[in-house]
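Subject: Structure handover

Dear colleague,

Here is the structure for you to look over. My notes follow below it.

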Amino acid sequence: MPRLGGVVCALALSAVSAQGEAQKYDAASFPGFVVDEVVVPVPSEIFAVLDKLGEPNWKQELRGVQLPETSDRYELSLIFGTVVAEGFVAVQAEDKKAVEEIGKEVLNLAQRLGLIKAVRPHAQSILDAVQKNDWKAVRKEFDQTQATVRYEMERTRDIDHAQCVSLGGWLRGTASATSVVSKAYNADRAELLNQPMLVDHFSKSITGMSSEAKSNATVATISKGLGTIRKAMESNDGNITADQVSTIRKTSEELLALILKK
């Protein structure tokens, strides 16, 4: 059976209650599409399901958005993914100010990526929905924003940059998920982080990139980091220990710091 994966998958996993017992869910029930036998769920629909699973303190998972100075298109694509993922965290936290700030940064990045015309309607819709406290609509627009950017990049055969958008988002989600799991560790909750096929999918994506993309210093470091994360997901008995969760978290945080130049 394909494993649950995708940009917001890690965020999804972290939605198991931080206060109560871990809750099982059927990964196969999540809506999504299949890439290389990995289920890539649709973010907005996932969050609708996650609302029923628990209430982690999402405000604690929020971070300020401060874009680094770079003109490197691979880095900008990675940053775009992290910022959109941050938007999903802000929606979970129902933090209007954070969503508004993230929405402005999404526009800023879209301008730098040459995609402002395609993204502006989504950004405006996000800001309008926030003013109405319509969080369902905000989720939908963040979902559509990322889909639009990926579509525009793929339409212009900018596949490597589209992959970078997904990678950036996944890393931000993984950092958040491991943070939540680490705060109330148990084996059942940690198992939700066990997504080796998804990591393999991203590693394969980088391997298939152009020589220029693979030689990019940030992309190359992420490739090595994925190897570390993949190894941390290996287990003889199927359980992911607290130390393994810590390794996944530490590695994803380090890669995020590299992307955001912190």
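The count of aromatic pairs in this predicted model comes to two. The rule: rings of Phe, Tyr and Trp (its six-membered ring) pair if their centres lie within 6.5 Å; planes under 30 degrees apart count as stacked, over 60 as edge-to-face and the rest as tilted.

Helices here (H or I, at least four residues) are DSSP runs, numbered from the N terminus. Phe88 is buried, at 2% relative accessibility. Phe142 is buried too, with a relative accessible area of 0%. Buried means under 20% relative accessible area, exposed over 50%, partly exposed in between (1.4 Å probe, protein chains only).

Trp170 and Phe202 also pair: ring centres 5.4 Å apart and planes at 45°, so this pair is tilted. Trp170 lies in helix H8 (residues 159–183) and Phe202 in helix H10 (residues 196–207), so parts 32 residues apart in sequence are tied together. Trp170 counts as buried at 3% relative accessibility. Phe202 counts as buried at 4%.

Now Ser179. Ser179 is in helix H8. Ser179 is buried, at 5% relative accessibility. Which side chain does the side chain of Ser179 meet in a polar contact? That of Glu61, at 3.0 Å. A polar contact is a pair of N or O atoms within 3.5 Å; within protein, one must be able to donate a hydrogen and the other to accept it, and residues adjacent in sequence count only if both atoms are side-chain atoms. Leaving aside neighbours within four places in sequence, Ser179 is in contact (heavy atoms within 4.5 Å) with Glu61 and Arg249.

On confidence: pLDDT is the predictor's confidence in each residue, from 0 to 100. The protein averages 80, and 79% of the residues score at least 70. Helix H12 (residues 217–232) has the highest mean, 97, and helix H1 (residues 9–13) the lowest, 39. Over residues 1–42 pLDDT stays under 50; the model has 114 contacts beyond four places in sequence for them.

Two notes on method. Residues are numbered from 1 along each chain as its sequence is written, and side-chain values use heavy atoms, with hydrogens and water left out. As this is a predicted model, local features need pLDDT of at least 70 and side-chain atom pairs count only at pLDDT 80 or more, while totals for chains, interfaces and linings use all residues.

Best wishes

Technical notes
Helix = DSSP H or I, 4+ residues; strand = E, 2+ residues; numbered from the N terminus.
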